[in-house]
Amino acid sequence: MLTSLSNPQLLPSHILPFDHRHPVLHRSPSITAFDGGGGSRDGDRFRALSLKRSGFLSVIDRAMEEEEEYRKARAEVQRKGVDVEGYSIEGISVGGHETCVMVPSLNVAFDIGRCPSKAVHQDFLFITHAHLDHIGGLPMYLATRDLYNLKPPTVFVPPCIKEDVVNLLEIHRRMSQVELKLDLVALGLGETYEIRNNLVARPFRTHHVIPSQGYVIYSVRNKLKKQYAHLKGPQIKKLKLSGVEITDIVLSPEVAFTGDTNSDFILEPRNADALRAKILITEATFLDDENDIEHAREHGHLHLLEIMEHAQWFRNKAILLTHFSSRYKIEDIRKAVSKLQPKLSPKVVALTEGFRSAY
């Protein structure tokens, strides 16, 4: 139970009530000022009262410090997302309970969890695998979009589960008598899907206890070919008008999302783009010695120690850690992340939405 400092009846015995609307310490009527002329008896009395008063102030200070810590912890609990490398990323990811991470500026959601309300407005949904804490909210996502008269979304799934997803949705259509409209795309390794003219998506291999895959979102831009770099504007324009292809298409990995995986994805040669994307969103289910690396691997997950072990492979500008076990509190997560290497720690952010504070 959280303790309120505004209700004296709920205060622990070591904390005195304090009115924060008027933070003025009122002097007790029994305390009189010492004018220096009342003799040693008055001086002794004043010193005793001063000590008593300073002790009272120290209790007030402790109370204020505790409340400030509480406010910080609650602010952390109430955060709805993080801003990293020019992207606002929102969502919730609690291991075994639900995972849905959104990048609204890209109109993209990764996994659907229990279908948080904000996810309904993302037109492109990427499913990494078929565990219910990652795909369970799919029928609700589709039904709610129907309710809001939103266009049918595009939902990407690993090819091996497409037929099962089709069957699942048919069952829900029969039971609920709703259409559940969507464009279901089985996107396999090595394939590319154009989200819009300057944005594409590609899956990459991950390693979980059931078939899984991650996704990289790339920005697309045209870059002048090297052989024309020395030319001036009018010359380049003339070549372009003559029909010469003067540019190359360049894909830049912006955001990578792993979903659930063990550390083997880090060593996959074809996953280089995920490890150099501007932002890598990956899991760190386990943080402590109670559940070691062997335990994490057995269950198809990552331990934070493995991220430290493979730190040299992460060329990302930012790493967003997700999917912490629900056994941890916000303070546990902060403490564990603070132990990362100095070169790694500044670019690591933890998504703690949905986790409780110890306060």
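Q: How many bridges join β11 to strand β12, and do they run parallel or antiparallel?
A: Three bridges join β11 to β12 (residues 279–283), and the two strands run parallel; strands here are DSSP runs of E with at least two residues, helices are runs of H or I with at least four, and both are numbered from the N terminus. Within that pairing, Ala-256 has Leu-280 of β12 as its bridge partner. This is a predicted model, in which local features need pLDDT of at least 70 and side-chain atom pairs count only at pLDDT 80 or more, while totals for chains, interfaces and linings use all residues. Residues are numbered from 1 along each chain as its sequence is written, and side-chain values use heavy atoms, with hydrogens and water left out.

Q: And what joins β10 to β11?
A: Ten bridges join strand β10 (residues 213–224) to β11 (residues 247–257), and this pair runs antiparallel. Arg-221 stands opposite Val-250 in β11, and Asn-222 stands opposite Ile-249 in β11.

Q: What is the strand order in the open sheet of seven strands?
A: The order is β8-β9-β10-β11-β12-β13-β15, with mixed pairing, where two strands pair if DSSP finds at least two bridges between them. The edge strands, each pairing on one side only, are β8 (193–196) and β15 (348–350).

Q: OK, switching to packing. Which residues have the most contacts inside the largest nonpolar core?
A: They are Leu-304, Leu-321, Phe-324 and Ile-333, in a core of 35 residues. A nonpolar core is a set of buried Ala, Val, Leu, Ile, Met, Phe, Trp, Tyr and Cys residues joined through side-chain atoms within 4.5 Å, and buried means under 20% relative accessible area, with exposed over 50% and partly exposed in between (1.4 Å probe, protein chains only).

Q: Which element gives the largest share of this core?
A: That is α9, with four residues. As for Ile-333, leaving aside residues up to four places away in sequence, it touches Leu-287, Phe-324, Tyr-328, Ala-350, Thr-352 and Phe-355, a contact being heavy atoms within 4.5 Å. Apart from this core lies another, of 26 residues, including Val-185, Tyr-215, Val-255 and Ala-318.

Q: Now helix α3: which of its residues are buried?
A: In α3 (residues 138–147), the buried residues are Leu-138, Pro-139, Tyr-141, Leu-142, Thr-144 and Arg-145. Their cover includes β5 (124–126), α2 (132–135), β6 (154–157) and α4 (162–176). After α3 comes Asn-149, with a positive phi near 55°.

Q: How many disulfides are there?
A: The count comes to zero disulfides, taking a disulfide as a pair of cysteine sulfur atoms within 2.5 Å. Cys-100, for instance, is in none, and its nearest cysteine sulfur, that of Cys-115, is 7.2 Å away. Cys-100 counts as buried because its relative accessibility is 0%.
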